[in-house]
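User: I want to go through the calls in this model and see what backs each one.

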Amino acid sequence: MEKVRLGRTNLIVTKLGWGGIPIQRVGEQEAISVIRTVIEMGVDLLDTARAYTNSEHRIGLALQKVNKPVILSSKSLNRKETIYKDVHESLEQMKVKKVHLYHLHGISSFEEYEKVMAPRGAYEGLKRARDEGLIDHIGITSHNLRVLERAIGEGHFEVIMACYSFLEPEAALKIFPLAREKEVGVLTMKPFSGGVIEEAGPALRFVLSTASIVPIPGSETLEKALENWKIFIEGHSLTEKDGEKIEALKKEFNHQFCRRCDYCQPCTEKINIQFAVGLKSIIKRFGPPAQEELGWMKDLIEKARNCSQCGECLPRCPYHLPIPDMIKENLAWFDSLSNQ
Ligand code: SF4
Ligand code: SF4
């Protein structure tokens, strides 16, 4: 089973990690069973966050029922030194004495970076937690490669987390070589580009065939967890067919998809932009919002209809997405579904 050393943390982990976002969406027993299964199969790094509602708690429940060592990774959106309290909350939720990796979560700009690194900022809170042995290593996660480049260059972090998929391959050019040089461990998120890529095989083989990084795809069902694991252990070199599929999908999306980074917010009409822009892939993943438990989607769709096309969000999207046009097109597509 392929293992990766996470930079100077010297932690050696299975090359396939696991991300704790999707288990928020299923019932508690199913979530626990998924987590136990991935650990039993051989995954030994679980990533979660304070912001992922019940994810840490569910990991804590699952850990009571497995007897294998696991590296835990969590993070907090708190930008102040009071992040120290969040570390305690993570420990309590996961019922453990230590979280091995703890990250500053989603640092989206230099301004935010400077805030967390300033006196009484979140970095100081994590240093205190590390000095007290509550965490082992401090990390940073971001969708912004320039922030990660700076964070690695300044040498304060032992691990980073970046977006990486065949639709978003830029980190391989800028970030991974620098991280290797500075001995910083690399976890990668969004191997399916936030649900835009539907076929797991080419997407996972693409990220797994990249040296010295640990992708952390999440899975909310046993079926999905087993599928990911099978792709990993069956040898994950990219096939010729994968190459063709990847090229076709790259052409289809032509960089026009939402990375769910939220830089475009706030919207003047309080629209959840990443939802409205990503509506098609969300509906493909969850199914239409007919079921009662998906009623939340209906509200977000109705809200999206208020887009005034003001364009204020446009300069804030680093991927230059034509947000108002995409919202309009997605709503027309959605309405056409109910007319079928
Ligand atoms: S163009 Fe639409 S989505 Fe963008 S800020 Fe204006 S109302 Fe919000
Ligand atoms: S529309 Fe652009 S800025 Fe907004 S979440 Fe999507 S990718 Fe990010």
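User: Leaving aside neighbours within four places in sequence, which residues is Glu112 in contact with?

Analyst: Arg79, Gly106 and Ile107. Contact means heavy atoms within 4.5 Å. This is a predicted model: local features need pLDDT of at least 70, side-chain atom pairs count only at pLDDT 80 or more, and totals for chains, interfaces and linings use all residues. Residues are numbered from 1 along each chain as written, chains are lettered from A and ligands numbered from 1 in written order, and side-chain values use heavy atoms, without hydrogens and water.

User: What makes the pairing of the Glu112 and Arg79 side chains a polar contact?

Analyst: The distance is 2.7 Å. The definition asks for a pair of N or O atoms within 3.5 Å; within protein, one must be able to donate a hydrogen and the other to accept it, and residues adjacent in sequence count only if both atoms are side-chain atoms. Glu112 also makes a side-chain polar contact with Ser108, at 2.6 Å.

User: Why are Ala225, Asn228, Trp229, Ile231 and Phe232 of H9 called buried?

Analyst: They are buried, which means under 20% relative accessible area; exposed is over 50%, partly exposed in between (1.4 Å probe, protein chains only). They cover an arc of only 160° around the axis, so they share one side of H9. The arc is taken from the directions from the helix axis to the C-beta atoms.

User: What covers these buried residues of H9?

Analyst: The cover includes strand S2 (12-14), helix H1 (28-41) and helix H8 (200-208). Helices (H or I, at least four residues) and strands (E, at least two) are DSSP runs, numbered from the N terminus. The face turned away carries the exposed Glu223 and Ile233.
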